[in-house]
Amino acid sequence: MASVALKFFVGLRQSSPENHRSSVTVISKSLPSNQLHYRRLNVIAGKSSPKITGRNLRVAVIGGGPAGGAAAETLAKGGIETILIERKMDNAKPCGGAIPLCMVGEFDLPLDIIDRRVTKMKMISPSNVAVDIGRTLKPHEYIGMVRREILDAYLRERAAGAGATIINGLFVKMDKPTDKFAPYVIHYNEYDGKAGSAGKKVMMEVDAIIGADGANSRVAKSIDAGDYEYAIAFQERIKIPDDKMQYYEDLAEMYVGDDVSPDFYGWVFPKCDHVAVGTGTVTHKPDIKKFQLATRLRARDKILGGKIIRVEAHPIPEHPRPRRLSNRVALVGDAAGYVTKCSGEGIYFAAKSGRMCAEAIVEGSENGTRMVEESDLRSYLKKWDKTYWPTYKVLDILQKVFYRSNPAREAFVEMCADEYVQKMTFDSYLYKTVVPGSPLEDLKLAVNTIGSLVRANALRKEMAKI
Amino acid sequence: MTSTMASFSSTTPHLPSFSSSPKTRFPINPFLSLTPQRHLLFASVRATENGSGAAIVVEEKKEFETKAAEEDSLGNGAPVAEVVVKFEDPKWVSGTWDLKQFQKDGATDWDAVIDAEVKRRKWLEDNPESSNNDFPVVFDTSIIPWWAWMKRFHLPEAELLNGRAAMVGFFMAYFVDSLTGVGLVDQMGNFFCKTLLFVAVAGVLLIRKNEDIDTLKKLIDETTFYDKQWQATWQDEKKE
């Protein structure tokens with residue numbers, strides 16, 4: 001599925017504007033046909049917007065993380081004048097740092113970006129029942145652990161190589177256009193490299209803006225995108241002795257339980273030469289320190305002798321903002337709220353949404369020759385929702401069912417021992433498709449799930465009697 | 001909190017609204033003993049904010065300090081040997097219940113196994129333990145056969161619900177008969193009566209405690225909430 005999307009984009013890039021326009025007119029002649037073709041819809045919108053003379057379409061990408069980098073690269077390759085504004089070029093973002101296998105292929109990531117390949121995971125229930133998952137992985141499959149500063153910088157450099165202009169600056173505000181096709185004016189502070197300087201105030205006219213500036217997005221604020229609920233993820237980076245590090249060579253752990261988090265999980269993820277121990281919560285944010293201590297307690301024997309080298313926290317959106325688009329401004333990545341429930345995964349979806357939005361702009365503007373309209377950007381939202389809605393919904397259901405209470409978590413860990421579950425989970429995580437699987441196995445799985453839940457809840461009722 | 005944690009640049013951070021904790025005992029003090037110079041800066045930056053408003057309790061600090069001592073000494077026979085109370089039970093052997101110790105009259109006493117597991121989980125909920133690779137927990141509740149679960153949990157509840165259904169059924173049948181003169185057999189042929197029967201059965205099954213009415217309403221909201229959040233952006237398009 002992903003490779004099909006890639007081929008589609010490649011096709012767009014290779015066709016020159018001339019050929020593209022002639023094929024456009026051919027398609028438009030067959031208007032009376034009853035088939036509603038996705039591509040044809042875009043073309044009609046493009047035809048009504050004016051051609052730009054003397055210059056290419058200008059698009060500003062605010063934020064230089066995975067979403068911004070991917071968007072800028074796609075825009076630049078599509079022949080659009082792109083500027084990317086990032087406020088901190090060497091930002092070592094607090095992050096789990098896990099990327100699925102498909103991201104390496106889809107974004108042509110060099111293998112040296114990946115610090116570690118995680119091929120085993122351990123799920124630990126509230127009563128410390130530990131289940132190993134990963135037996136079903138094939139030798140070439142893994143979860144990649146990256147350092148965000150390395151990944152983000154790589155994507156930005158590639159965007160620069162494709163022709164985007166990277167600016168070190170802080171986006172302040174935007175002036176909405178006064179006219180239908182008038183440009184936006186963005187105000188930003190350009191940093192000149194001197195530490196501590198406030199930067200030079202710069203104004204720039206652009207035709208469209210992609211807001212890729214993360215969970216506390218200013219672009220989102222400017223377009224009144226609305227708020228979302230967010231989780232607070234708190235993480236401590238701990239350097240542990242080498243023999244203990246050996247255990248985490250290619251293994252990540254997930255701890256579930258009310259002590260660790262009432263609605264999320266605690267984790268130990270291996271990084272380049274240390275481990276990240278953390279937890280998160282949506283509903284009980286003031287207690288995050290308590291949860292972190294509980295996580296460290298649960299992992300205590302395995303991280304004994306470790307030294308905390310860094311403490312960090314970051315917000316994780318729980319659901320998309322009410323408004324992800326306004327006129328010619330679109331949000332992507334964390335700014336839009338594209339983080340999955342249950343696993344809290346965001347890097348891949350950020351990069352993919354950046355790319356998808358940029359593709360929609362490139363197509364709607366016919367490689368930068370025409371002005372874009374809101375409908376062109378809406379086609380990105382449509383494609384995104386259609387492609388990834390099942391993934392998000394399934395993870396939401398999983399979170400609602402299995403992160404509800406301790407019995408549910410016990411059942412969750414019990415289910416993870418099942419090989420079919422492991423295969424389904426990893427397939428859908430690594431390749432980002434909701435795989436249907438065999439109906440008989442699904443039925444068995446459903447029966448087993450209900451059985452686990454019933455048993456765990458029955459035990460809990462007994463516990464309440466004590 | 002994010003921006004200040006991640007960078008010291010003069011950006012205006014978007015602080016999530018944490019409630020300020022009345023206890024001003026900042027957790028940063030333990031950090032100072034552990035972390036290098038850089039974190040003093042972290043600590044002072046955080047001290048100027050409202051902090052994370054964590055419910056900081058004395059035990060937390062004490063536990064952290066003992067852990068700090070442990071970590072500092074790299075686990076080399078630290079003098080501060082924290083007495084860790086672990087779950088121990090003679091019947092709990094190598095991370096699972098030893099079924100041989102649960103024999104009663106020649107067969108395994110599953111009720112006792114269930115009781116033991118309940119006690120273990122209750123203990124762990126109140127005193128969470130570290131998970132240890134040398135002593136893994138491998139107990140799986142599915143080793144207890146299905147009929148043991150049925151006998152202990154399902155049957156009493158089924159008896160209760162069937163009793164309720166029978167009482168409601170009898171009095172509804174009597175009531176309808178006294179009002180309309182239609183006997184029980186004729187009631188079964190009537191569509192409205194069949195609907196009433198369905199509602200009565202569903203009600204007895206779904207609403208077992210008073211709180212269940214609210215729970216059901218919340219569940220129905222929950223199933224559609226996420227969908228609504230995703231479709232919010234499309235409401236705009238319809239309005240325009």
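These notebook entries record what I looked up in a predicted model.

**Conventions**

I number residues from 1 along each chain as its sequence is written, and I letter chains from A and number ligands from 1 in the order in which they are written. In this predicted model, local features need pLDDT of at least 70, side-chain atom pairs count only at pLDDT 80 or more, and totals for chains, interfaces and linings use all residues; side-chain values use heavy atoms, with hydrogens and water left out.

**Entry 1: salt bridges**

I began with charged pairs. Side chains of opposite charge can pair when their charged atoms come close. The search of the whole structure returned 44 salt bridges over all chains.

I then looked up Asp152(A), which forms a salt bridge with Lys93(A); their closest N and O atoms are 3.9 Å apart. Asp152(A) lies in helix H6 (residues 148–162) of chain A and Lys93(A) in the loop between strand S2 (81–86) and strand S3 (98–99), so this pair ties together parts that are 59 residues apart in sequence. I took helices (H or I, at least four residues) and strands (E, at least two) as DSSP runs, numbered from the N terminus. For accessibility I used three classes: buried is under 20% relative accessible area, exposed is over 50%, and partly exposed is in between (1.4 Å probe, protein chains only). Asp152(A) counts as buried at 2%, while Lys93(A) counts as partly exposed at 23%.

The next pair was Arg296(A) and Glu236(A), whose side chains meet in a salt bridge at 2.6 Å, N to O. This pair links distant parts of the chain, with Arg296(A) in helix H9 (residues 288–298) and Glu236(A) in strand S12 (residues 230–239), 60 residues apart. I noted that both Arg296(A) and Glu236(A) are buried.

**Entry 2: a charged network**

Which residues are linked with Asp396(A) in a network of salt bridges? I found Lys341(A), Lys393(A), Lys400(A) and Asp227(B) linked with Asp396(A) in this network. Asp396(A) is buried, at 1% relative accessibility.

Chain A has an open sheet of seven strands in the order S6-S5-S13-S14-S15-S12-S16, with mixed pairing. Two strands pair if DSSP finds at least two bridges between them. Strand S6 (130–133) and strand S16 (307–317) stand at the edges with a single partner strand each, so one side of each is left without a neighbour in the sheet. Neighbouring strands of the sheet are turned by 20° against each other on average, direction ignored.

S12(A) and S16(A) run antiparallel and are joined by 10 bridges. Glu236(A) has Val311(A) as its bridge partner in S16(A). H9(A) packs on the sheet and touches S5, S12, S13, S14, S15 and S16 of chain A, where contact means heavy atoms within 4.5 Å. The direction of H9(A) makes about 135° with that of S15(A); axes are lines fitted to C-alpha atoms, for helices over the stretch in contact, and angles run from 0 to 180 degrees between N-to-C directions.

I also looked up Val275(A), in strand S15 of chain A. Val275(A) is buried, with a relative accessible area of 0%. Its C-alpha atom is 8.3 Å from that of Glu236(A), 39 residues away along the chain. Leaving out residues up to four places away in sequence, Val275(A) touches residues including Glu236(A), Arg237(A), Ile238(A), Val268(A) and Ile303(A).

**Entry 3: cysteines**

A disulfide is a covalent bond between the sulfur atoms of two cysteines. With a cut-off of 2.5 Å between cysteine sulfur atoms, I found zero disulfides over all chains. Cys272(A) counts as partly exposed at 27% relative accessibility, whereas Cys416(A) counts as buried at 8%.

**Entry 4: chain B**

Buried residues make up 32% of its 240 residues.

Notes
A salt bridge is a side-chain nitrogen of Lys or Arg within 4 Å of a carboxyl oxygen of Asp or Glu.
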